[in-house]
Amino acid sequence: MTSGSDGRRTPGGQSTQRRPRERPMLVSVAALGGAGVVGGLLVAAVALPAVGGAGILTRTAAHDFFEVPTMLREAPLPERSRLLDKDGKQFAQFYVQNRQSVDISKIAPIMLKAMVAIEDARFYEHAGLDLKGTLRAIITNTKAGTIRQGGSSLTQQLVKNILLQNARSEGERDLARAPSIRRKLQELRYAMGLEKKYTKDQILVRYLNIAYFGGGAFGVQAAAQRFFGTSAAALTTAQAAALAGAVRTPYYTDPTLGPEHQKRLRERRDLVLDRMAQLGMLPQVRADAAKAAPLALNLRPEPGGCSESDYPYFCLYVQKEITSNRVFGQTRAGRERRLYRDGLVIRTTLDPTAQRAAERAIAAHVHPKDEEVAAEAMVEPGTGRIRALAASKLYGVNPGDRNDGPRTTYNLAADTAHGGGLGFQAGSTFKAFTLATALTKGWRFDQGFDTPGSFVPSSGYRDCSGKKVNAPGTVIHNASGEGKGGPHSLSTGTWQSVNIFYMMLERDVGLCDVVRTARSLGITRADGLPLKEVPTFTLGVNEMDPVTVASAFAAFGARGRYCRPLAILEISERRGQRTAIAPSCTDAIEPEVADAVNHILSGVFTRGTMKGQGIGRAAAGKTGTNNGYTSAWFAGYTPDLAAAVSLGDIRGAYKYPLTNVEIGGRYYGSVQGASLPGPIWVRSMEEALRYLPATSFTPPDMQRFGGGTTPGLKIEDQMVDPRLEVGEEGREPREGRRERRLRHHWNRPVDDFGWDPFWPEGEDRWAPPRRHRTGEGWEPGPRMERWVEDPWPPHRPVRHRDGW
């Protein structure tokens with residue numbers, strides 16, 4: 001409790017009554033007439049000898065004193081806004097002044113005493129102007145030859161700080177600091193108004209929250225964190241005295257500027273301690289003990305902005321979302337003011353586990369110094385919540401503002417609206433949208449046609465305006481490593497990512513319908529321009545960003561429900577108002593169609609371009625390798641998490657293709673979706689999902705999507721072997737299914753799964769595994785009849801030992 005306080009405080013820590021009227025006051029409001037005016041003017045004259053003189057007692061000065069309004073406009077103080085991850089931990093902040101206002105209950109009582117002792121010992125006894133204290137301060141400071149005691153009351157100092165905060169220009173700030181009689185009279189009049197409006201404790205707390213302490217710290221809470229790494233509530237006697245001493249000369253005693261400034265701060269601290277002991281606020285023994293102690297600084301930088309954030313790309317996404325989205329304000333200036341001055345607490349969707357997983361996976365494959373850049377976005381299916389944004393380069397400016405180097409100011413995982421660049425062509429990941437369109441129109445898994453070795457899109461393509469967009473001068477080939485000509489079904493054409501098959505399929509189902517499917521799944525270009533509706537749309541000629549692609553693929557994992565990318569969960573205002581941000585979702589495609597898409601894209605890991613690179617749980621995805629190796633992608637998902645990884649040369653994808661390159665210390669003759677983005681995706685998803693139980697996709701409706709005919713397609717390449725008896729729901733009878741599963745598993749090469757089937761050399765491979773899964777977990781024994789049934793199809797891998 002502070003000296004002179006009446007001791008009666010509300011739960012918020014403020015006095016319930018102003019002050020006892022019977023206590024003595026040297027200068028009361030009622031006395032400020034007649035000789036009181038002369039006394040007030042005399043104080044102003046003594047305090048300002050440079051402008052003193054006979055002119056101060058003129059009629060104009062007296063008129064100004066009584067005509068200045070007593071009520072001072074108090075604009076809200078600029079507060080820092082903080083970004084929190086989904087668990088409530090801060091990872092970034094924005095401010096024009098590093099301040100976090102606190103009430104009296106969150107300030108150590110010793111801090112209140114220290115400030116009163118050094119700045120206004122009679123604070124609780126005067127009505128805004130302490131004539132006796134001011135005269136004494138002038139005499140003391142004159143004898144010392146330096147400022148040892150404050151001349152203005154704390155209320156007057158509060159007024160001066162408020163006027164500085166209210167200033168809208170440097171000229172107004174100069175007027176608020178001007179050494180003029182008019183300003184002093186105005187200041188005094190306003191001080192009297194504040195004394196009427198607030199209790200003493202309220203005035204003191206307002207001063208502690210507005211004052212500048214040095215080191216970029218505004219307010220006692222920010223200063224306590226900046227200088228000592230603690231809170232205002234936990235300040236010790238020595239720490240409180242140091243902060244109180246810093247207010248009078250914050251630049252002269254700024255400890256962040258070096259040893260000389262720290263020496264001055266210690267001198268000011270000791271002066272405050274002596275003053276507290278002199279006033280009886282502190283026993284002399286305690287004051288001496290505090291003076292003997294070192295400053296014990298624990299300087300903690302309070303950086304603002306995304307360049308100093310632990311997760312700069314996510315920070316940048318949130319920053320751009322708030323400043324550019326009209327949901328957060330009608331004008332950009334208003335939105336920026338809200339972010340930088342209004343003290344928002346913004347709880348975001350960032351998952352630290354997923355974020356670290358993405359960062360580590362990228363760092364293991366691509367180095368910051370590489371000209372080739374990798375970026376990844378992770379999005380939650382069914383909500384659109386962005387869980388991670390990571391890139392191979394550090395965020396910030398390179399030395400000498402060079403374009404090339406280990407840093408970049410582009411948000412490589414996002415579109416231009418969120419600080420990103422122009423993006424990279426998404427390649428064959430766009431085949432997923434043609435696949436969904438075909439399934440919607442009644443195509444079946446094993447339905448297809450024979451494909452030539454090359455293809456010219458000379459007819460049959462119209463954009464959504466009805467205009468013919470054929471390209472008779474373009475010859476399409478299958479990308480190296482991603483399929484070849486011959487008979488292909490919807491399944492094999494997807495697994496092997498056959499360009500020509502998908503060009504023919506797009507023509508069959510309609511280019512515009514494919515574009516509409518992509519748009520329904522949130523597909524927009526990274527640069528914000530309209531999508532290119534051309535025959536090679538299905539081959540991914542549009543430049544994309546990982547956030548957009550991951551969000552689109554997340555919709556498949558959510559059974560067709562697309563949700564707009566969401567980075568903010570809740571915004572709390574400084575006065576306690578909270579606004580929750582709900583997901584914005586639509587049903588983009590039928591759930592049954594999404595199930596069928598998931599079924600086929602799951603085969604990419606077991607029978608397609610990502611064969612042998614699974615994550616040990618149900619997953620689906622699509623590689624993307626662009627013509628000429630200008631960029632490479634992988635987009636994949638589980639029912640719980642989706643992610644997209646892009647890779648390209650930051651200097652220009654067309655000028656610098658991904659051929660004969662060294663990336664992350666490894667040489668690549670050419671980079672395909674499965675050779676670099678794929679492994680990054682696998683490693684990041686394994687770690688991000690490590691602590692989440694596995695979730696399976698909903699099985700497809702085989703009556704609707706199973707079967708189909710492709711002339712010339714080999715039986716072993718079909719989704720369902722027609723030689724097997726199929727039940728009425730499109731699945732094998734239980735006994736046949738179990739026998740086929742065993743045969744399939746034990747006759748497959750070990751490398752197809754990456755796990756050791758651990759049968760001893762020479763033993764019968766038909767022997768069941770030594771451990772089997774039961775409802776309660778794993779147990780030893782050869783009891784085959786207790787095996788859990790695997791989901792259809794039988795080609796999905798089965799883990800051994802401590803897995804499935």
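Analyst: What follows describes the sheet, its strands and the helices against it. This is a predicted model, in which local features need pLDDT of at least 70 and side-chain atom pairs count only at pLDDT 80 or more, while totals for chains, interfaces and linings use all residues. Residues are numbered from 1 along each chain as its sequence is written, and side-chain values use heavy atoms, with hydrogens and water left out.

Five strands, in the order β7-β6-β20-β19-β18, make up an open sheet with antiparallel pairing; strands here are DSSP runs of E with at least two residues, helices are runs of H or I with at least four, and both are numbered from the N terminus. Two strands count as paired if DSSP finds at least two bridges between them. At the edges lie β7 (386-391) and β18 (620-625), each of which pairs on one side only, and from one strand to the next the twist averages 5 degrees.

Helix α15 (residues 352-363) packs on this sheet and touches β6 and β7, its direction making about 25 degrees with that of β7; contact means heavy atoms within 4.5 Å, and angles, from 0 to 180 degrees, are taken between N-to-C directions of lines fitted to C-alpha atoms, for helices over the stretch in contact. Helix α21 (residues 591-606) also packs on the sheet, where it touches β18 and β19 (631-637), and its direction makes about 65 degrees with that of β18.
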